[in-house]
Amino acid sequence: MTIKLVCIGKTDKRELDTLIKIYKDRLQHYIKFELEIIPDLKKVKNLDENQQKVKEGELILSGIQNSDFLVLLDENGKQFSSESFSEYIQKRMNTGLKRLIFIIGGPYGFSEEMYKRANSKISLSKMTFSHQMVRLFFTEQLYRAFTILKNEPYHHR
């Protein structure tokens, strides 16, 4: 199985990129992990929030296959402990999925079409984080999930 994280817009902080790369590299020991950055939309001044969400959604969905399991990282999604998130990942792996795709939306969230296509929604917290920080938090939690599944000492219970 491949796990993919899809994000809108590149990170403008080199330090965050460095930290994300550390966890991305560590994840390769457990699973094929990909990070896809979709470029920011150009000329958004002429678009309202909904139009921007629709355009971002079209870009994201253009790379999605029918067989992909799509999970939106959404403030209204289900919250997990690290242990229960690792169980969630294990259940997805047990189904024989080829691709499990997590998506971080743009600044205004997701279009209605994205919500219709999604198989699941997950919230990392009730707090609001920058889209750039969410990349780091999610990548670290995914790494943590695999260390929990492998009973390795990274996570302290």
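Ala, Val, Leu, Ile, Met, Phe, Trp, Tyr, Cys and Pro count here as nonpolar, Asp, Glu, Lys and Arg as charged, and the others, Gly among them, as polar. The structure is a predicted model, in which local features need pLDDT of at least 70 and side-chain atom pairs count only at pLDDT 80 or more, whereas totals for chains, interfaces and linings use all residues. Residues are numbered from 1 along each chain as its sequence is written, and side-chain values use heavy atoms, with hydrogens and water left out.

**Exercise 1. Describe the largest pocket by volume, lining and residue class.**

Step 1. A pocket is defined on a 1 Å grid over the protein atoms alone, as an open set of points where a 1.4 Å probe fits, with protein on both sides within 12 Å along at least five of seven lines; lining residues have an atom within 4 Å of a point. Grid points are joined across faces, edges and corners, and the volume is the space filled by probe spheres set on the points.

Step 2. The largest pocket has a volume of about 440 Å³. Its lining comprises 22 residues, of which Leu 73, Asp 74, Glu 75, Phe 129 and His 131 are the closest to the centre.

Step 3. Helices (H or I, at least four residues) and strands (E, at least two) are DSSP runs numbered from the N terminus. At least two lining residues come from each of β3, β5 (120-123) and α5 (131-149), and β3 supplies the largest share, 4 residues.

Step 4. Sorted by class, the lining has 11 nonpolar, 8 polar and 3 charged residues.

**Exercise 2. Determine which element gives the most to the lining of the second largest pocket, and describe Glu 140 in that lining.**

Step 1. The volume of the second largest pocket is about 190 Å³. Among the residues that line this pocket are Gln 79, Phe 80, Phe 129, Phe 137, Glu 140 and Gln 141.

Step 2. Helix α5 gives the most, with 3 residues. By class, the lining has 6 nonpolar, 4 polar and 1 charged residues.

Step 3. Glu 140 is found in helix α5. With a relative accessible area of 12%, Glu 140 is buried (buried means under 20%, exposed over 50%, partly exposed in between, with a 1.4 Å probe and protein chains only).

Step 4. The side chains of Glu 140 and Arg 144 are joined by a polar contact of 2.8 Å. Such a contact is a pair of N or O atoms within 3.5 Å; within protein, one must be able to donate a hydrogen and the other to accept it, and residues adjacent in sequence count only if both atoms are side-chain atoms. Leaving aside residues up to four places away in sequence, Glu 140 touches Tyr 23 and Tyr 154 (contact means heavy atoms within 4.5 Å).

**Exercise 3. Locate the partners of the salt bridges of Lys 4, Lys 21 and Arg 99.**

Step 1. A salt bridge is a side-chain nitrogen of Lys or Arg within 4 Å of a carboxyl oxygen of Asp or Glu. By this rule there are 5 salt bridges.

Step 2. Lys 4 pairs with Glu 36 at 2.8 Å, N to O. This pair links distant parts of the chain, with Lys 4 in strand β1 (residues 2-8) and Glu 36 in strand β2 (residues 32-38), 32 residues apart. Lys 4 is buried at 11%, and Glu 36 is partly exposed at 28%.

Step 3. Lys 21 pairs with Asp 25, the closest N and O atoms being 2.7 Å apart. These residues are separated by about one helical turn because they lie 4 residues apart in helix α1 (residues 14-27).

Step 4. Arg 99 pairs with Asp 68 at 2.6 Å between the closest N and O atoms. Both Arg 99 and Asp 68 are buried.
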